[in-house]
Amino acid sequence: MSPPSTGDATTSADMESSAAHDAITLALAKKESAEHLHGMPELYEEMRRRPLLVKAFKVDDPKAPPDDGENVKTVHFLRHGQGFHNLMADLAKAEGRDWVQYTHTPENPYIMPEILDAPLTQKGRNQARLIQPRIATLPNKPELVVLSPNCRAIQTGLIAFQELLPPTNSNVPFLAHEMVREENGVHTCDKRRPTSQAAAEFPQVDFSLIETEEDVIFRNDRRETKMEIGERIYKFMEWLADRPERHVAVSSHSGWLMTVFNGILECEESLKPWFQTGEMRSVKLVFTKQEE
């Protein structure tokens, strides 16, 4: 899969146009981002009491610590490109349908059985490709790419960070990690397929960290609480802090990323807004262990 041509302005412009967010998408994102803030203050206060504290800085922030600090990592957080579930929601909204999130009602497009573990649309693939030029210009390329095991996040990571894959590069592990999955439950699009199926479709990805064949996180009767997804993210931060890599990429989901920047990390307000599909934010994370 080739990156967008820098010599063909028309092709590049067409891709950017096809990847743009329309008014319906932005309005739906505004509504869903407000819903995801419920329970966030309580989670943030709880995380301040944990042994591991994590602070985030924009990479160009003059107050950011130097790269060579022992407890500093540069992390590129990427939301997957548009998935078919996002498209279904946009179409439902355009038709004037309204629904209550996380309910089993006919109006809710996210519970359609056809979008289980929803893949990317063509728009979503284009959004992922538009990340490639940014990766090409990074002074320090990711030494590790962490992927949610959901199809759309894996596809996005493989496209966006393509130059880190063989034959260009064979030393960067692409790891599927259960702890970076979307806030989970009720919505069929967030349920993952059996691990063996995903591993067969994506042989470039290491699934050894996924301990179960079936999805044991997803519950059909309720959504994860903010504290439950916060616990998953905290476990991921503990794991990340102990990894040797200093430059890391993470391909995940909107609700997960919203919780990372609003409920787990200490960071400035400009880092906290909702991630649009195909959006990447690069930050320096400082990991500090406090006495229990």
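Which residues of H10 are buried?

1. The model is predicted. In it, the buried residues of H10 are Ser 254, Gly 255, Trp 256, Leu 257, Met 258, Thr 259, Val 260, Phe 261, Asn 262, Gly 263 and Ile 264. H10 is accordingly listed as mostly covered, with eleven of its eleven residues buried. The helix runs over 254-264.

2. The largest nonpolar core has 35 residues. Those touching the most other members are Phe 77, Met 237, Val 250, Trp 256, Phe 261 and Leu 285. Of these, Trp 256 and Phe 261 are also among the buried residues of H10.

3. Several elements each supply at least two residues of this core. The helices are H3 (40-47), H9 (226-242) and H10 (254-264). The strands are E1 (52-58), E2 (72-79), E3 (144-147), E5 (247-252) and E6 (280-289).

4. Val 250 deserves a separate entry. Leaving aside residues up to four places away in sequence, Val 250 touches Val 75, His 76, Phe 77, Leu 78, Val 146, Val 180, Phe 236 and Trp 256. Phe 77 and Trp 256 in that list are, like Val 250, among the core residues that touch the most other members.

5. Another core, of 23 residues, lies apart from the largest one. Its members include Ile 131, Val 145, Leu 147 and Leu 164.

6. On helix packing, H3 and H9 come first. Their axes approach within 9 Å and cross at roughly 40 degrees, and the two helices are therefore oblique to each other. The crossing is right-handed. On the H3 side the contact is made by Met 40, Glu 42, Leu 43, Glu 46 and Met 47; on the H9 side it is made by Lys 226, Met 227, Gly 230 and Tyr 234. By type, the residues of this contact divide into five nonpolar, one polar and three charged.

7. H5 passes H7 in a right-handed crossing. Arg 125, Ala 128 and Arg 129 of H5 make the contact with Thr 156, Ile 159 and Ala 160 of H7. The residues involved divide into three nonpolar, one polar and two charged.

8. The bond from Pro 166 to Pro 167 is cis, with omega near 5 degrees. Pro 167 is placed in the loop between H7 and strand E4 (174-176).

9. Asp 117 has a phi near 50 degrees, a positive value in a residue other than glycine. Asp 117 sits in the loop between helix H4 (84-94) and H5. Where does a relative accessibility of 3% put Asp 117, buried or exposed? Asp 117 counts as buried, because its 3% relative accessibility falls under the 20% cut-off.

10. Val 186 is also not a glycine, and its phi is positive at about 70 degrees. Val 186 is found in the loop between E4 and helix H8 (195-201). At 2% relative accessibility, Val 186 counts as buried.

Definitions and conventions. Residues numbered from 1 in each chain as written. Predicted model: local features only at pLDDT ≥ 70, side-chain atom pairs only at ≥ 80, totals over all residues. Heavy atoms only, no water. Left-handed = near helix turned anticlockwise from the far one by under 90°. Helix = DSSP H or I, 4+ residues; strand = E, 2+ residues; numbered from the N terminus. Contact = heavy atoms within 4.5 Å. Nonpolar A, V, L, I, M, F, W, Y, C, P; charged D, E, K, R; others polar. Core = buried A, V, L, I, M, F, W, Y, C linked by side-chain atoms within 4.5 Å. Buried < 20%, exposed > 50% of the residue type's maximum accessible area, 1.4 Å probe, protein only. Axes fitted to C-alpha atoms, helices over the stretch in contact; angles between N-to-C directions. Parallel < 35°, antiparallel > 145°, perpendicular 65-115°, else oblique.
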